[in-house]
Amino acid sequence: MLKLVVCIKQVPLVSELPWDSRTGTLRRELAEGMINPACKHALEAALQLKQKHGGEIAVFTMGPPMAEEVLHEAQAMGTDRGILLTDRLMAGADTSITAFTLAKAILKECPDFDLVLCGCYTSDSETAQVGPQLVEELDVPGAANVHHIELIGKTLRMKRISDNFIETLEMELPGLVTITTQEFQPRYVPLKGLQDAFEGSDITRIGADDLGLDMGKLGTTASPTKILNVYSPTAKKKNIVLKGSAKKVVEELFDRFEDKIGGAIRKDLKVEKKYNE
Amino acid sequence: MSENNRSIWVFGDYRNYFQNRVTLQLLSRAIELADKISASVCAVVMGHDVDEYVGEYIAHGAQKVYVIEHPQLKNYSIETYSYLMERLARIYKPEIIFVGATMFGREFAPRVAKKLGTGLTADCIGLDINEDGLLVQIAPSFGGNLLAEIITPESRPQMATVRPGTFQEIPHDYNAVGEVIRIPLPEDLPEDRVRLISTERWRKKGQRIEDARVVVCGGRGMGSKKKYKKLFELSQLLGGIIGATRPVVYAKWVDEESLVGQAGKHIRPKVLFSFGISGAIQHTAGIGDAGFIIAINKNINATMMKMADVAIVADANQFCTALTRELKKRIRS
Ligand SMILES: Cc1cc2nc3c(=O)[nH]c(=O)nc-3n(C[C@H](O)[C@H](O)[C@H](O)COP(=O)(O)OP(=O)(O)OC[C@H]3O[C@@H](n4cnc5c(N)ncnc54)[C@H](O)[C@@H]3O)c2cc1C
């Protein structure tokens, strides 16, 4: 039976919040956690594999206790098990330690996995590092930024765009892929399904003890990178402010800067003199 | 040779050489930093028929180039290249490794970092050396309009990826000399478990946003996909390229190729039009080198307005229409 693992992350919706066109403000009340978009595509890819070949999908997430929500949502989409890695000691992990912790949990809960699928990056940090680092931890073949997969026996055929090339790759399972948002449009989950999933979910909670790991191996303490300082950049220019009706402002813009703009676009923007008027 | 064998390495990412200048840009920054810790600057090149690139890297400031050349390395391979990089790093112990954040680099660097058990900061927009001689990796912090300074205090090497366009390459110097160290392909090189079946060029049509002289960027303030599309006409009149913020890309008003910022392209146009963009640090991280910025926002206090040379308080959409009309009149050649 095909054993699939999907690693997902709960991310805040904040930066892309729907935006209230009347008041011009962000609708903060919608700032709850959601499944990271690329992770959702990874879930969809796993579900399609399951539909075609049968099998079982275990979903892993590491985060605060509330991250359990994303496991319920994944189950509403059709996954089988959820594993929540949550522990104070795990907090503040950089990508390297996140990959380490996830690998420990995967090897404990699902040691005979065939394929691990991750989102190619998360919207809250965009590093795209955890997937590739998980490949190293699990010591399996792997490929990042894949938009198409096809399973033929134990061989996984993949397509991806890498810089200016479209590559077709193959590897023998077990392996790992990170999935982009190009294809695998996530299926829609009706509200009813979501409610059912919250009631009858199969969720395992895992802490540091369960993995036999102590503080020295986890979270901020173990992470090779440290944040030294956080500051607000000052990027203020002494600028010119133009106000008024659009038409008036456009005129003013050309009056003052037609050379500047014309120079950049290599066009003469001077108004033609109309001799025959 | 100097006594000191501290070194800063730059991964020689030569694929798409003429468009991909990131290695040269990193060499240039590495030279400035190497001065502060009296280190040498080295490039690492793997592949087949790569002498041309070795020469280029020396001409752009590499004092030393490690070369592993073999027909087997003809195609970029994450598994093999990261295996070899680890081996080299364990032998020569560089202080720092920089990798360009191309698609390949963004997969390669985390794998190398993990193999070496060291830290890695993605998409740095600044790199420096502090008073303790440590590499300071400056990147937008998660959440908030803040920059974070990140260090790797203990593990070595210190590693960072940097998006193309973040630094400026130094001009060619064909008189520059550098040492070339050729390393044979190890005999015990493990077989690649990921097989490349086929590869074809993916042609992106038209001019690249990174090279554009004029960029017309639109943000959520454009209001809707339909209204955002008006920017295309304007951009065309200006001979420019369309750019976008992330919400606009997420909303599928335009495709990801147009994303400007930390997670997207770094641009350096002569003139940048910025329509309805608030100026979040993740976005402005990509426009640091814009020459002349014209921002249009209905909120005069938006960060983008403060960064602009000309801040236009107006409805982005109406202004776009008015500007397009006026330009049409003026470009009637
Ligand atoms: C890890 C990470 C990476 C990210 N990477 C990127 C990246 O690479 N690139 C990127 O762009 N973003 C990135 N973001 C998102 C970024 O933080 C901001 O959310 C985004 O840049 C905001 O886009 P915006 O300015 O279009 O939208 P908003 O912040 O919503 O701003 C809209 C602006 O439009 C103005 N406006 C509204 N209506 C009008 C009108 N009618 N006329 C004129 N002006 C109007 C408003 O005053 C406001 O200033 C990233 C975020 C994270 C967490």
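Helix H1 (residues 22-36) of chain B lies across strands S1 (7-11), S2, S4 (96-100) and S9 (158-162) of chain B, where lying across involves contact, meaning heavy atoms within 4.5 Å. This is a predicted model in which local features need pLDDT of at least 70 and side-chain atom pairs count only at pLDDT 80 or more, whereas totals for chains, interfaces and linings use all residues. Residues are numbered from 1 along each chain as its sequence is written, chains are lettered from A in the order in which they are written, and side-chain values use heavy atoms, without hydrogens and water.

| Helix | Reference strand | Angle |
|---|---|---|
| H1(B) | S1(B) | about 170° |
| H4(B), residues 103-116 | S4(B) | about 155° |

The open sheet of chain B has 7 strands in the order S5-S9-S4-S1-S2-S3-S10, with parallel pairing, where a pair requires at least two DSSP bridges. Its edge strands, S5 (120-121) and S10 (179-182) of chain B, each pair on one side only. Strands S2 (residues 40-47) and S3 (residues 64-69) of chain B pair over 6 bridges in the parallel sense, and Met46(B) stands opposite Ile68(B) in S3(B).

Turning to the interface, 87 residues of chain B are in contact with 88 residues of chain A.

Conventions: Helix = DSSP H or I, 4+ residues; strand = E, 2+ residues; numbered from the N terminus. Axes fitted to C-alpha atoms, helices over the stretch in contact; angles between N-to-C directions.
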